[in-house]
Amino acid sequence: MNTLVIGGGGFVGAYLIAELNTGGHRVHATKLPGEEIRGTCTIHDLDILQPEAVSALLEQLKPDWIFHLAAQSSVALSWKRPQLTVDVNIKGTLNLLEAVRQLAHQPRVLLIGSGEEYGPVHCCPVGEDTPLHPGNVYAATKACQGMLGEIYAKAYGMDLLCVRAFNHVGPGQAPMFVVSDFCRQTAAIELGQQEPVIRIGNLSAKRDFTDVRDVVRAYVLLAEKGIAGRVYNVGSGKAVEIRGILDLILAQSGAKIQAETDPAKLRPVDVPVVEADIRRLQEDTGWQRQIPLEQTIRDTLAYWRTELAK
């Protein structure tokens, strides 16, 4: 299988490339100049905001599968840089869809969206047919990406699936995301690089966390078995309070640590509870979660202890 990972230089990219390597795929991956890609693949520099470059690469590679990971994926950053978020997540996706439309050979495309698209919900778990009410700039751009994907799939008969991925975590994730942030701060405190105080945001929010290694298995299974034109939630199916995440991290540390609220970590709008209904994913692919949250936290703490000790 000739497979292209767009945005392979990001957190999820390395894990997806490794999963595809395990399956014997011939993997190509794109990155921005200056980024690095981990894993066995052929690397291509690509800015998805340059439509001619996107079209040229697809014409050259003629991929069977395309995983579209390239995105500005931070909710917090989307409030600070809304224009960048719109450009990458909407215009970049449109450039990809146009390039795919013009190919003689139609690949299977997975557009990776977000559980944030649902916004404030009154009933959990939330299914794929729940109306979208995005509550932040990032979520709005991902909802638009999905709508564009559905339009192109129907109008041009493209073999396309939309994924709404809920919070995925694991070793190597940037510390702008809550689990990695708490693990990094804990490791820094253990190493004497930070005073014994963790800066926190809203601990009462509940989120659906899944290990990134389980998430990429779901992506590959969807590419293999998913039904074209469908939307799929990818998550654990269980929401966990952020306070519980912090407790799990502190329980795995021998340091005495206090928590203090940092106003900079509070969002202008924060959804209280997000939990995925993943029955469609499970029924169509047979996917099951394999890695418990405790192991994810243990591995992420170990990653940051090693990184900060260098």
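This is a predicted model: local features need pLDDT of at least 70, side-chain atom pairs count only at pLDDT 80 or more; totals for chains, interfaces and linings use all residues.

User: What makes Lys 62 partly exposed?

Analyst: Lys 62 has a relative accessibility of 49%, so it counts as partly exposed. You will find Lys 62 in the loop between helix H2 (51-61) and S4. Its phi is near 50°, a positive value in a residue other than glycine.

User: How do you know that the span of helix H10 is close to what is expected?

Analyst: The expected span is 1.5 Å times one less than the number of residues. H10 runs over residues 293-309 and has 17 residues, for which 24 Å is expected. From first C-alpha to last, H10 reaches 24 Å.

User: Which residues of H10 are buried, and what puts them on the same side?

Analyst: In H10, the buried ones are Leu 293, Thr 296, Ile 297, Thr 300, Leu 301 and Trp 304. They cover an arc of only 130° around the axis, and therefore sit on the same side of H10. An α-helix has 3.6 residues a turn, so residues three or four places apart point the same way. The partners that the buried residues of H10 pack against include helix H6 (178-190), helix H7 (212-225) and helix H8 (242-251).

User: Why are S3 and S11 called edge strands?

Analyst: Let us begin with the sheet. It is open, with 7 strands in the order S3-S2-S1-S4-S5-S6-S11 and parallel pairing. Strand S3 (42-45) and strand S11 (231-234) each pair on one side only, and they are the edge strands. From one strand to the next, the twist averages 20°.

User: How do you know that S1 and S2 pair?

Analyst: Two strands pair if there are at least two bridges between them. Strand S1 (residues 2-6) and strand S2 (residues 26-31) are joined by 4 bridges, so they meet that condition, and they run parallel. For instance, Asn 2 has Arg 26 in S2 as its bridge partner. H7 packs on the sheet and touches S4, S5, S6 and S11. The direction of H7 makes about 140° with that of S5.

User: Which residues touch the most other members of the largest nonpolar core?

Analyst: That core has 39 residues, and Val 5, Leu 16, Phe 67, Leu 110 and Tyr 219 touch the most other members. H7 gives the largest share, 9 residues. A second, separate core of 26 residues includes Leu 61, Ala 70, Ile 90 and Cys 162.

User: What makes the bond from Cys 124 to Pro 125 cis?

Analyst: The omega of this peptide bond is near 0°, and the bond is cis. Pro 125 lies in the loop between S5 and H5. His 133 also has its place in the loop between S5 and helix H5 (137-156). Not counting residues up to four places away in sequence, His 133 touches Glu 117, Tyr 118, Gly 119 and Pro 120.

Methods:
Residues are numbered from 1 along each chain as its sequence is written. Side-chain values use heavy atoms; hydrogens and water are left out. Helices (H or I, at least four residues) and strands (E, at least two) are DSSP runs, numbered from the N terminus. Buried means under 20% relative accessible area, exposed over 50%, partly exposed in between (1.4 Å probe, protein chains only). The arc is that of the directions from the helix axis to the C-beta atoms. Contact means heavy atoms within 4.5 Å. Axes are lines fitted to C-alpha atoms, for helices over the stretch in contact, and angles run from 0 to 180 degrees between N-to-C directions. A nonpolar core is a set of buried Ala, Val, Leu, Ile, Met, Phe, Trp, Tyr and Cys residues joined through side-chain atoms within 4.5 Å.
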